[in-house]
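Welcome! Please take a moment to look over the sequence and the model, and then read on for a short tour.

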Amino acid sequence: MNYLLQDLTPDRPTPVKPRLSPSLKQKLSIPLKIGDLTLNSRVFQSPLSGVTDLVFRRLVRRYAPDSMLYTEMVSATEIHHLSQLPQVMEIDPQEQPISIQLFDCRPDFMAEAAQKAVAEGAKTIDINMGCPVNKITKKGGGSSLLRQPKVAQAIVETVVNAVQVPVTVKTRLGWDENEISILEFAQGLQDAGAAMLTLHGRTRSQGYTGTANWDWIRRVKEVLSIPVIANGDIFSLEDAINCLEITGADGVMCSRGTLGYPALVGEIDHFLKTGNVLTSMSPEQSLECAKEHLRQLWEYKGQRGIYQSRKHLAWYCKGFAGASTLRDQVSQISTVTEGIELLDRAIADQQVNKVEKREKVSV
Ligand SMILES: Cc1cc2nc3c(=O)[nH]c(=O)nc-3n(C[C@H](O)[C@H](O)[C@H](O)COP(=O)(O)O)c2cc1C
């Protein structure tokens, strides 16, 4: 009764093939150029502090073989003062193409950090001009650069002169709704030599609240000649396509949509390349992925990895019966064995549920 097996994916919505406009199809048929770097994917995994470490990126890479990945942001001042590079800059040669993201307000420190990042293997240097966190903005980094366009330009110019790889910037619309400065700001960055701009369609004061304003991204795309990557509120393939159509952007960057779902970038990329919709991960596959994430964090970071795994594991727990109880349990684990046992039990429950549903259908 093979058809029964096919029908037994009750938690997965039936994939509906989205339509692409002719102009988007045309754009997708051409590889993306960032300076002299050619990319075979227009879907990016964003830098996420506390998330996009080597372990997470390996999982993303498994589904998205061509997409650009980013490290967590790294402070150029920290790099200047440390005798050894921090673990967040470690790159696996297998995970290319990858960009190292730096933040700071001192052009000289940024140039020095960029050279070290290139020596580590970064294919591009990305400069963070969007982080809204007070600890960063008070020291003149992240989104506070939106209020210091001359410093922002000086950083880009100095870094461009210091390295041979393309230098890109990730930023927001402006400081707050009364100070949306992105049009002039972005043009200044382009004039200073930035090779690509990733734009998160929110202001600094919005943080991660409200909705991302994709219309502003379109306006910026219309005035720049360098590639513009749209970011903000891309949680699904449909979101990615809508965003590309509305903004006319050259690519999309996924962020919170990948938390507990490292296949998102790959699923979007696969559709944009082939026109075929991949079936989403089932709860069982998701829990298996969580298990692997936990094991690798343990191997890579030891006990610190276990504490860090709590939030990741909780993000995987959604969309199935018992998810919220499991979320509470995995949020408190202290050992790898404890986590694996909880996840194994949840996987076994998923298998029992499947069999029960199959039996009901065949009665
Ligand atoms: C936990 C977390 C960490 C983040 N860390 C970074 C970072 O290191 N560098 C950066 O440029 N943006 C960072 N961001 C911002 C995201 O890359 C992205 O711009 C933002 O979440 C908007 O996209 P979304 O609405 O799809 O989540 C972070 C966001 C979150 C939620």
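## A short tour

Around the ligand there are 23 residues, of which S46, S49, M73, S255 and R256 come nearest; a residue counts as near if its C-beta atom, placed from the backbone, lies within 6 Å of the molecule. This is a predicted model, where local features need pLDDT of at least 70, side-chain atom pairs count only at pLDDT 80 or more, and totals for chains, interfaces and linings use all residues. Residues are numbered from 1 along each chain as its sequence is written.

The chain is divided into domain 1 (19–274) and domain 2 (283–362), with bounds from an automatic or database domain assignment. Their centres, taken over C-alpha atoms, are separated by 31 Å. Six residues from domain 1 and nine residues from domain 2 take part in the contact, where two residues touch if their C-beta atoms, placed from the backbone, lie within 7 Å.

Here are two sets of residues by class.

What about the whole chain? The C-alpha atoms fill a box of roughly 70 × 50 × 40 Å, taken along the principal axes. Of the contacts in the chain with a separation of 6 or more, 70% are between residues 24 or more positions apart.
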